[in-house]
Amino acid sequence: MSDERWVWGFGLATSAADGTVLDTWFPAPALGRIPLGLDPAIAPDELDRLAVPDERRAVSVDVVLIESDLDAAPESTSDAYLRLQALSHRLVRPNDVDLTGIFGHLPNVAWTSAGPMHPDDLTRLRPFLQRDGIQVQGLDKFPRLLDYVTPPGVRIADASRVRLGAYLSPGTTVMHEGFVNFNAGTLGASMVEGRISQGVVVGDGSDIGGGASIMGTLSGGGSHRVSIGARSLLGANAGVGISIGDDCVVEAGLYVTAGSKIVLADEAPRADGAKPVVKGAELSGRNGILFRRNSVTGAIEAVRRAGAGVTLNEALHA
């Protein structure tokens, strides 16, 4: 097995009083195995001085040294966090790391402005937290990306809308209502005003319009991992459950799934005079298609498009 299918790093693990590991921050994860001769007992000075308890949150902080086999399932909370940060540091792409059973290694955490804490301790310590101006920002298994990683060349308007484990390429802009889940993201400069679900990747130069949704696989969405090609557009409030190729457009407000009946408007009529009809799955991944709703019949139509697709405003992605 290649060492490039491993990732390692020193991290700071935060633990509750009952021993539950709440999270682990790895400031500089790297591909490969732990270097030979590296003493795990000798932590980097910049981390060692941060390994101090926080009585306000009833947590302790310890330096850990972890390595993860990217082709095997996570084995611990720190292992899971290392994989998520490898994604957000762009060391590995979405769907290129084994995340099987990751939810079982991620405890439900109270995320505060001072860091993570156990939900039970939150209830007990709430008056003291309020006295110190510490606010609760969420109660969830996944934290915000920007609390762990600052991806270069990326704009994120609302930190709460992008989870740790998102992969955002340089030039990507995530607007206030955009959302990017873990193990998902952009492979180039893209505009994100809609939802990119777990496992979904968006190609270079594409635009996910306001309120648009891309079906993932976490909540019964099937096993097909949806992708959006380059220079494609999902219009406002549109959605897809199939992959969209390069230079495609999905009309605003239109949702196309694998089972959608789609009229091939450019094709010659059949013997009965009707245009051919296919299921959406048959058009999955094809390039240069406009998906639209016929305003007279209400039918979904697919029309061939010529030339390149959308062009992003470079001033918004510099």
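**Exercise 1. State the order of the strands in the open sheet of 4 strands and the sense of their pairing.**

Step 1. The order in this open sheet is β9-β12-β15-β18, with parallel pairing. Strands here are DSSP runs (E, at least two residues) and helices are runs of H or I with at least four residues, numbered from the N terminus; two strands pair if DSSP finds at least two bridges between them.

Step 2. β9 (166–167) and β18 (227–228) each have a single partner strand and stand at the edges, so one side of each lacks a neighbour in the sheet.

Step 3. Within the sheet, β12 (residues 184–186) pairs with β15 (residues 201–202) in the parallel sense over 2 bridges. Threonine 186 has valine 202 in β15 as its bridge partner.

The model is predicted: local features need pLDDT of at least 70 and side-chain atom pairs count only at pLDDT 80 or more, while totals for chains, interfaces and linings use all residues. Residues are numbered from 1 along each chain as its sequence is written, and side-chain values use heavy atoms, with hydrogens and water left out.

**Exercise 2. Describe the lining of the largest pocket and that of the second largest pocket.**

Step 1. A pocket is defined on a 1 Å grid over the protein atoms alone, as an open set of points where a 1.4 Å probe fits, with protein on both sides within 12 Å along at least five of seven lines; lining residues have an atom within 4 Å of a point. Its volume is the space filled by probe spheres set on the points, which are joined across faces, edges and corners.

Step 2. The largest pocket holds about 380 Å³ of space. Its lining comprises 20 residues, and Thr14, Asp23, Ala114, Gly115 and Pro116 lie nearest the centre. At least two lining residues come from each of β1 (6–16), β2 (21–25), β5 (109–112) and β6 (115–117).

Step 3. By class, this lining has 11 nonpolar, 5 polar and 4 charged residues. Nonpolar denotes Ala, Val, Leu, Ile, Met, Phe, Trp, Tyr, Cys and Pro, charged denotes Asp, Glu, Lys and Arg, and polar denotes the others, Gly among them.

Step 4. The second largest pocket holds about 210 Å³ and is lined by 13 residues, with Asp140, Phe142, Pro143, Arg144 and Ser160 nearest its centre. Strand β7 (residues 136–140) gives the largest share of that lining, 4 residues. The classes are 6 nonpolar, 3 polar and 4 charged.

**Exercise 3. Which side chains meet arginine 5, arginine 33 and arginine 292 in salt bridges?**

Step 1. The whole structure contains 14 salt bridges, each a side-chain nitrogen of Lys or Arg within 4 Å of a carboxyl oxygen of Asp or Glu.

Step 2. Arginine 5 meets aspartate 96 (3.5 Å, N to O). The two are 91 residues apart: arginine 5 is in the segment before β1, and aspartate 96 in the loop between α2 (77–88) and β5. Arg5 and Asp96 also belong to a salt-bridge network with Asp71.

Step 3. Arginine 33 meets glutamate 67 (3.0 Å, N to O). Arginine 33 lies in the loop between β3 (30–31) and α1 (45–48) and glutamate 67 in strand β4 (residues 59–69), so the pair ties together parts 34 residues apart in sequence.

Step 4. Arginine 292 meets glutamate 301 (2.9 Å, N to O).

**Exercise 4. Is arginine 5 buried or exposed, and what is the class of glutamate 301?**

Step 1. Buried means under 20% relative accessible area, exposed over 50%, and partly exposed in between (1.4 Å probe, protein chains only).

Step 2. Arginine 5 is buried because its relative accessibility is 18%, whereas aspartate 96, at 39%, is partly exposed.

Step 3. Glutamate 301 is buried at 10%, and arginine 292 is partly exposed at 30%.
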